[in-house]
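Me: I've got a model to go through with you. Can we start with the charged pairs, then move to the core?
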Amino acid sequence: MKPILQNLVEMTGHRDHLRLEVSVLSTLQKLSSIVDIRALEVFTRGGGSWVRPRTWLDHGQWVSTDSEAAQDPRREPLERYPALQQCINSQGTSAQHSPRKGRYTLWLPVWMHNKVGTCLEITQSRAFSAHKLDVIMGIFQVYQNYQSLLDYSERDALTGLFNRKTFDEQFARYATPGVGARGGVEAIPPEDEDETDGPLQQWLAVVDIDHFKQVNDRFGHLYGDEVLILIANILRSSFRSHDRIFRFGGEEFVVLLRSTTLKTAHKVFNRFRETVLEHEFPQVGRVTVSIGFVATAHGSPVEILGQADQALYFAKENGRNRVCYYDDLVNGGHLQAKVANDDVELF
């Protein structure tokens with residue numbers, strides 16, 4: 001019991017979802033008779049439900065991937081796991097299956113916001129006893145409760161997007177080229193990506209709602225909040241599951257777009273802008289957004305944000321409802337690049 005308690009202490013010391021995931025898998029893996037354990041990602045694509053391994057043990061080392069789930073060649077239809085599929089459809093807490101003697105599998109879906117995005121899969125060499133299930137479920141419930149607390153602390157209360165305080169950690173993980181979570185597999189580009197369009201890069205965009213103060217002044221903050229919520233929903237549907245979206249406060253949002261070319265980045269950001277333009281907002285009518293974006297390859301989060309902000313302000317001062325790329329503005333003589341010198345920015 002003492003080693004388990006020590007592992008629980010270590011597990012709840014993490015302030016990161018994926019590290020917490022590795023920690024709970026490591027804790028459960030130490031139980032007797034366990035022969036395999038991994039975390040599965042559950043997602044929908046093309047109207048169907050799928051699973052793919054996200055964290056697993058490989059030659060004694062924990063391996064994780066943060067690649068785009070829908071493009072992972074290891075993905076499988078959820079229907080290949082009928083016991084798990086039935087459990088999720090019935091909003092159950094666990095499912096078991098024994099494909100053959102000496103192989104007994106237990107699935108534990110992680111429910112958050114009435115959805116399952118992750119499932120722990122535990123396989124052992126003998127049937128699960130009632131006592132063993134009690135121990136596993138106790139550890140799992142601590143893990144699930146702590147995941148919920150972490151999620152609450154990372155989210156903006158109004159929109160449900162990531163909040164400002166989580167940005168630095170997320171930037172370090174997702175905006176570094178070729179680096180996934182904890183040394184995982186590099187993100188896989190979209191199927192329609194054309195390598196002739198240029199190198200795959202990571203991008204940061206700052207999104208600002210045009211004339212948002214006028215919305216609040218004319219229609220009231222209740223309708224202003226509705227606009228923010230609807231913009232957040234459009235952001236979610238416009239980007240991939242492994243891109244990251246933040247609300248920085250007020251009417252400003254930040255997007256980390258991963259592993260794509262400059263041409264595709266332009267296309268994706270403009271597609272989002274056009275979707276907002278075409279959307280009919282209740283009472284308010286039409287709303288537009290301005291966007292400034294930049295590559296994340298060089299510079300600290302503050303420097304990258306500053307460059308995207310410069311591009312955004314140029315967009316707002318030159319017509320609004322447009323997408324501006326920082327490097328294009330610098331090369332065209334519209335902006336002067338900042339020169340960083342320790343904590344002082346020289347112009």
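Reply: A salt bridge here is a side-chain nitrogen of Lys or Arg within 4 Å of a carboxyl oxygen of Asp or Glu. This is a predicted model, where local features need pLDDT of at least 70, side-chain atom pairs count only at pLDDT 80 or more, and totals for chains, interfaces and linings use all residues. Residues are numbered from 1 along each chain as its sequence is written, and side-chain values use heavy atoms, with hydrogens and water left out.

Me: How many salt bridges does that rule give?
Reply: The count is 15. One of them joins E76 and R80, with the closest N and O atoms 3.6 Å apart.

Me: Are those two buried or exposed?
Reply: E76 is partly exposed, at 23% relative accessibility. R80 is exposed, at 56%. The cut-offs: buried is under 20% relative accessible area, exposed is over 50%, and partly exposed is in between (1.4 Å probe, protein chains only).

Me: What about D36, which partner does it meet?
Reply: D36 pairs with R103, N to O at 4.0 Å. D36 sits in strand 1 (residues 34-45) and R103 in strand 6 (residues 103-112), so the bridge ties together parts 67 residues apart in sequence. Strands (E, at least two residues) and helices (H or I, at least four) are DSSP runs, numbered from the N terminus. D36 is partly exposed at 27%, and R103 is partly exposed at 26%.

Me: And E41, what does its side chain meet?
Reply: R52, in a salt bridge of 2.8 Å, N to O. E41 is in strand 1 and R52 in strand 2 (residues 48-58), so this pair links parts eleven residues apart in sequence. E41 is buried at 13%. R52 is buried too, at 1%.

Me: OK, switching to the core. How many residues are in the largest one?
Reply: The largest nonpolar core has 33 residues. Such a core is a set of buried Ala, Val, Leu, Ile, Met, Phe, Trp, Tyr and Cys residues joined through side-chain atoms within 4.5 Å. Those with the most contacts inside this core include I209, I231 and F239.

Me: Which helix gives the most?
Reply: Helix 7, with six residues.

Me: What does F239 touch?
Reply: Leaving aside neighbours within four places in sequence, F239 is in contact (heavy atoms within 4.5 Å) with I245, V255, L257, V268, F269 and F272.
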